[in-house]
Amino acid sequence: RRKLRTDVAAAFPNLSAEQLTEFIPNKEELNVIKIYCHKGEAVTVYMNNRNPILFEIEKALYPTVYTLWVYPDLLPAFSTWPPVLQKLAGGADLMLPGVVVPSSGFPQVERGTVCAVTLLGNRAPVAVGVATMSTAEMLAAGMKGKGFAVLHTYMDHLWEYGDKSYPPTLAPLVTDSAEKGSAKDEEEMEGKEPVISFSTDPLQRVDVGDLSLKERDSCAILMGKEELDEDRAAETAEDTNTEVQQEAEDSRTPQEQMDALFNQCFFHALKCKVKKSDLPLLTSTFLRSHMFSCCPAGQQLDIKKSSYKKFSKFLQCMQHQKILQVKELNKGVESIVEVDWKHPDIKAFAVPEGFSSASAAQDSKSEDREQVYRAPEIIPLYGVSAKMVPLFQESGHRKGSILSSSEVRNIIVNYVKTNELVDETNKNFVKVNAILCDCLLDKSEQDEISNLKWDDLLSRCLERLQPLHQVTFFGQEPVVRKGNIEPIDITIAQRSSNKKVTIIKNLELYGLDPQCVANTLQQKVQASATIAPIPGTKDRVQVQVQGNQIHHLARMLLEEYQLPRKYIQGLEKAPKLGRKK
């Protein structure tokens, strides 16, 4: 603890003795943990009161945003526009065109200086980075190029490790006497929700409202400033067409209005649409088939415009209130498994006027929406295994690094060209050096093979990497899983009295609700369809339909659901159609 206090004092000389004692207290619990980032770098994190306060990379100390919210002037700060925060949280560095030049000028920093990044209108830092050039070099470059290598941001995984609190509202330091009068009102609002504007400019007022983002994932969905402006204009147009009751709520920010709409549709769906027999219910089906049908006319649910940003975060909040319980029955696929219909919030909810009389129309709408299914985007990925590390370490990759097939190809091509391994006599062949021999050849081949064709070289490399795949469901963050994705498996089984049944497995992996598929099939083929647990597995189910229904299944999966044929196994077992007389 004494050594850490000495290191902190050396790294941040701006801290007074009192602040240093408060920062690293003598008696309070101080925990040290080691984590590994996605590139494999080891990072030491210092925790105090359950919040990370410092992190150390290669013996250099950096403060977290939690620390900077207590000591906002600890680092020289540079300001950027609020929409840029989402790009920084998504892993981007801060480019100089996105830095706002203040009237008082930039703080003087040198290359390699640790700096804080704030949003325009709020002094509370939202990111920590290292300057890639000095202040003089930034101005000399015409404010073009990369300005700061970002190490940590609000909403990333390190922030998630703490109490997930949001940036406080800290008024900017006002030096101009003409601005001091307006600054008084801002100072009075410190500590309140960060939706208070610091400017009379309407666009800037909405931008500052974005500071109340509650997204807790480091990979944010990116939207440009123009798209945000268009969305705000669309919201304004929608607001003018709403009822008198909604007009009275115009004083709320668009984000607060979307939060209220999500709450209304959520409780409406639980009270009127979902039955106990529907559970477990895929969260994607609950949103698409139940909540959407409860949305009032002229309005549209858009999770990105709410403070939650992700539907999973919204459900987590409801789970904390003990309204429902969500479980991951299959990896990356969440389902609602329990609902407390006796919860006071559900009981107290009153169904909005116009829904009770038009319930039949709404039910038919929900059935139509149920058919709107978007096939997930599936991308095969490859992990660097221990045996393949020598081949990939030249390009800066380590064991466990995740690459796409095109990245693997580029790395191999660059390796061959850098080491001059292309055969001079025939450029279709590559000479096998010691590293290629160890990584790609079996022991029986090492004395026999000295050259490999390009295609053979690349295919051998992909075979020896660890298979992974990334699944991206519509409106959700990508999920990376180990191994190759299991296809939808369709089999025909024989039952008593020579009856056949069609069994479908692995629907959940593609975001399909087995119960919905069973109901749809039952209506289309006019045969019994049931859900049953898969023998030998936990919390996995299969759909069983009477008869050989592969023709109907193929049409539904390939044409209606637009799933690629390569992800469906067993279509060749369809019954042969007899000749029509």
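Let's start with one side chain: Trp69 is buried, with a relative accessible area of 10%. That counts as buried because the cut-off is under 20%. Keep in mind as you look around that this is a predicted model.

What does Trp69 pair up with? Its ring and the ring of Tyr154 have their centres 6.1 Å apart, with the planes at 70 degrees, so this is an edge-to-face pair. Tyr154 is buried as well, with a relative accessible area of 0%. Now find the two on the chain: Trp69 sits in helix H3 (residues 65-70), while Tyr154 is in the loop between S10 and helix H6 (157-160), so the pair ties together parts that are 85 residues apart in sequence. The model has 16 aromatic pairs in total.

Let's go on to the strands. Strand S9 (residues 122-131) is mostly covered, with 10 of its 10 residues buried. Strand S8 (residues 114-119) pairs with S9 in the antiparallel sense over 6 bridges, and Cys115 is found opposite Gly129 of S9. Between S8 and S9 there are 2 residues, making a hairpin, and Gly121 in the turn has a positive phi of about 95 degrees. S9 also pairs with strand S10 (residues 146-153), again in the antiparallel sense, over 5 bridges. Here Ala127 has Thr153 in S10 as its bridge partner.

Another sheet is worth a look. It is open and antiparallel, and its 3 strands come in the order S11-S13-S12. Strand S11 (281-282) and strand S12 (324-330) are at the edges with a single partner strand each, so one side of each has no neighbour in the sheet. S12 and strand S13 (residues 333-339) run antiparallel and are joined by 5 bridges, with Lys327 standing opposite Ser335 in S13.

Which residues of helix H19 (residues 454-464) are buried? They are Trp454, Leu457, Leu458, Arg460 and Cys461. Looking down the axis of H19, you find these buried residues within an arc of 160 degrees, so they line one face of the helix. The general idea is handy here: an α-helix has 3.6 residues a turn, so residues three or four places apart point the same way. Asp455 and Glu463, on the other side of H19, are exposed. And what covers the buried residues? The cover includes helix H16 (389-392), helix H17 (405-418), strand S16 (429-431), helix H18 (434-440) and strand S17 (451-453).

In soluble globular proteins, nonpolar side chains tend to be buried together. The largest nonpolar core here has 32 residues, and the members touching the most others are Ile488, Ile490, Ile504, Tyr510, Leu512, Leu557 and Leu563. Two or more residues each come from strand S20 (488-494), helix H20 (514-525), strand S23 (541-546) and helix H21 (550-560). H21 gives the largest share, 5 residues. Zoom in on Ile504: leaving aside neighbours within four places in sequence, Ile504 is in contact with Ile488, Asp489, Ile490, Leu521, Gln542, Val543, Val545 and Leu553. Apart from this core lies another one, of 30 residues, including Phe262, Cys265, Met318 and Val339.

Definitions and conventions
Residues numbered from 1 in each chain as written. Predicted model: local features only at pLDDT ≥ 70, side-chain atom pairs only at ≥ 80, totals over all residues. Heavy atoms only, no water. Buried < 20%, exposed > 50% of the residue type's maximum accessible area, 1.4 Å probe, protein only. Helix = DSSP H or I, 4+ residues; strand = E, 2+ residues; numbered from the N terminus. Arc of directions from axis to C-beta. Contact = heavy atoms within 4.5 Å. Pairing = 2+ DSSP bridges. Core = buried A, V, L, I, M, F, W, Y, C linked by side-chain atoms within 4.5 Å. Phe/Tyr/Trp six-rings, centres within 6.5 Å; stacked < 30°, edge-to-face > 60°.
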